[in-house]
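Here is a friendly walk through one protein model, from its helices to its rings. Keep the structure open beside you as you read.

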Amino acid sequence: MLKSISLVILSFSLLATANAVANPLALFVEQCLQYKPDLSNLQQDTLSSSAHNAVEFEKQTLALNNINDRIQYYRPFTTDSLSKQGLLWCQLHLADELYVLTTNSQTLQLIDSLQHQSAPYNQLAERLERVEQTQWKLTEKSKLHSAQATVNQALSERELNMQFNDDQCLLKTQPVVDENNRQVSTNIDIQIAKYLLKQPKAQCRQQAWFAYQLRAKSKLQAAIAYIHELQQKRAIEQGYQNAAELALKPYELTPSMLNRFLDTQTDSIDIAPWDIAQALFLTQKTAPIEPVSSHDYLSQLFEQLMPLGIRSEYIAQQNSKSDVLEQENTANNEQKDNINIIRIWHQQRLLGEIYTYPLSQQQSQSKSTFSVNSQLIKQTVIGHQFGQYALSFPATLTTQKQQQKLIASLSQAIVSLAQGGQFYLLAHKTQNKQQHSIATLWLSNYLSQLQQFASSSQREQLVMKYQRQMRVFRSKVTLNYFQYSGNLDDNNWLTYNTELSAAFRDSFGQSWPNATDAIYSYQAIANEGISYYLPLWQQAVAQLIINQSTSRHSSQEIFNLLIVNEEYLPFNDQLEQLIGPPIDPHSLIWRFKHARTAQE
């Protein structure tokens, strides 16, 4: 197996060399496949040179992290199969190098020596130890990724047809047309949405929705069972009763505590998923807004960031020779004259740059619904590199939702640039999920409060409530899936139908008799795993900060404490200063539940 992988990588490398001039992405992939970190310069006298070794470790591994970020940045622009394959091999190569790196004896010695140092060195040791503990053996990781790919592929399949055993549930076939009255190709998502909207019989809608949830069960049942088996085996090997306990340990939570938290987030909308399309159709639509130039709106947002110490400096991009932008311009050549660079400062410190890509009206219509996207290019690491972030948006904002999404994207960019620490692992959002997400939510709220937004329409409110309750329910399903220590083929797993059906009813007002089948309906159970609940937790913590920190601190003080964090305070210390004790998970869950009551 290893020989065949080497041959594939070699063949791609040779092809990349031949096409490097014509395709800069091929050159990037070739350089990626040749990358190998070298820790030979780390000194052996660990007690006296631990700080030096930490800096040297950062120098030697920063390229690995930068390449990984660049993969994520390039991915949306790859359209041909060869480029996609190249990025995949590159990602696999980096994963293998990370495994070798974190299990290296020099890295383990570095962790031991840094644990006795002050911040941020002891924090780096903690983060490295966590990364090392989450590494899978190469053979097991390969099996896991293969099973995850099977789940993703099965649930992404769109060439499916709806068939009914009951003729009374049939609808007259009608072609799907766009706004210009042109017939468009259909897929299963369009078909099910149209059916649920048009079908007057509730029982038929229910049957169709259940069938849609199980559309891929036969294809992914073995993969879902194997992922469960691999996760349980790994947890038991590390001394835990089940995979849920292992996954929740870094967050100081237990399965029972998470279940209690999810109960605090449960709020029945009393509308079943198979009825939501018709319910939305009957609600009030979002009122139109006066279109505004994206450039003007972005300038307004930067003015509103000034009281926080953020200063922006616009730099016109005259050409597209930057290697950061070259691949995107190759794939999207018509954008290159519209690229601007915005240099971001905090006080007198340069944080990095934001590359903005205003899209033409034609481009906006061909993109996603709201056409506002953001992507990290390079993480800020103090003393090593300035950060870079990319924002793309329509030239004109025509909906309030677009404005809100631009605020969220800009907030994410500012947090990534301003939250840069001395070490990559202490700053990057992947390894810093709690701090990064909560800080972004706070900053988004800060900017949103300064806008003259109209109240959300009935339709928007119902969509948000429905999406939130679906995440709550699926989080409960995921928790039960990872907490269950038996075999999914056993009837014991089916005994969870009662509990999960009740959870479904608590959110949507009606039961799902075979609710354990929900594990076959969404990709996150295989990819995100137990972490699927995290956005709910992060939103709850951010809301506590928003509600309770303003009486203690000014907005600038909150920004400096929560985002800049020059003193490298652990997140629990930041949170305690912002909202006051107690801030242990048990107390936070209680505060989430009672935040709006007289008790709090």
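A residue is called buried when its relative accessible area is under 20%, and exposed when that value is over 50%. Tyr74 has a relative accessible area of 5%, so Tyr74 is buried. Please keep in mind that this is a predicted model.

Tyr74 has a ring partner. Phe28 and Tyr74 form an edge-to-face aromatic pair, with 5.1 Å from centre to centre and 80° between the planes. Because Phe28 belongs to helix α2 (residues 24-34) and Tyr74 to helix α3 (residues 46-74), the pair ties together parts that are 46 residues apart in sequence. Phe28 also counts as buried, at 10% relative accessibility.

Another pair is made by Tyr484 and Trp493: the ring centres are 5.4 Å apart and the planes meet at 45°, so this pair is tilted. Tyr484 counts as buried at 7% relative accessibility, and Trp493 is buried too, with a relative accessible area of 2%. The count for the model comes to 27 aromatic pairs. Ring pairs also link a cluster made of Trp209, Phe210, Trp274, Tyr466, Phe473, Phe504, Phe508 and Trp512.

| Charged residue | Ring | Distance to ring centre |
|---|---|---|
| Arg215 | Tyr212 | 4.0 Å |
| Arg471 | Tyr532 | 4.2 Å |

**Helix α21 and its buried face**

Phe504 and Phe508, both members of the ring cluster, are also among the buried residues of α21. Why do the buried residues of α21 line one face of the helix? Seen down the helix axis, they fall within an arc of 155°, so they line one face. Their packing partners are α9 (202-213), α19 (458-483) and α20 (491-494).

Just after α21, Gly509 takes a positive phi of about 85°.

**Helix α18**

The same check can be made on α18. Its 16 residues (433-448) should span 22 Å at 1.5 Å a residue, and the end C-alpha atoms are 22 Å apart, which agrees. Buried residues of α18 include Gln434, His436, Ile438, Trp442, Leu443 and Tyr446. Which helices do the buried residues of α18 pack against? They pack against α14 (294-305), α17 (400-418), α23 (534-548), α24 (555-564) and α25 (571-579).

**Backbone details in the loops**

Most residues other than glycine have a negative phi, and most peptide bonds are trans.

Glu252 is not a glycine, yet it has a positive phi of about 60°; Glu252 is in the loop between α11 (243-248) and α12 (255-264). Asp270, also not a glycine, has a positive phi of about 55° and lies in the loop between α12 and α13 (276-281). Is Asp270 buried or exposed? At 59% relative accessibility, Asp270 counts as exposed.

The peptide bond from Ala119 to Pro120 is cis, with omega near 5°, and Pro120 is in the loop between α5 (105-114) and α6 (121-133). Another cis bond runs from Pro581 to Pro582, with omega near -5°. Pro582 belongs to the loop between α25 and α26 (585-594).

Notes
Residues are numbered from 1 along each chain as its sequence is written. This is a predicted model: local features need pLDDT of at least 70, side-chain atom pairs count only at pLDDT 80 or more; totals for chains, interfaces and linings use all residues. Side-chain values use heavy atoms; hydrogens and water are left out. Buried means under 20% relative accessible area, exposed over 50%, partly exposed in between (1.4 Å probe, protein chains only). Helices (H or I, at least four residues) and strands (E, at least two) are DSSP runs, numbered from the N terminus. The arc is that of the directions from the helix axis to the C-beta atoms. Contact means heavy atoms within 4.5 Å. The expected span of a helix is 1.5 Å times one less than its number of residues. Rings of Phe, Tyr and Trp (its six-membered ring) pair if their centres lie within 6.5 Å; planes under 30 degrees apart count as stacked, over 60 as edge-to-face and the rest as tilted. A charge sits over a ring if NZ of Lys or CZ of Arg is within 6 Å of the ring centre and within 35 degrees of the ring normal.
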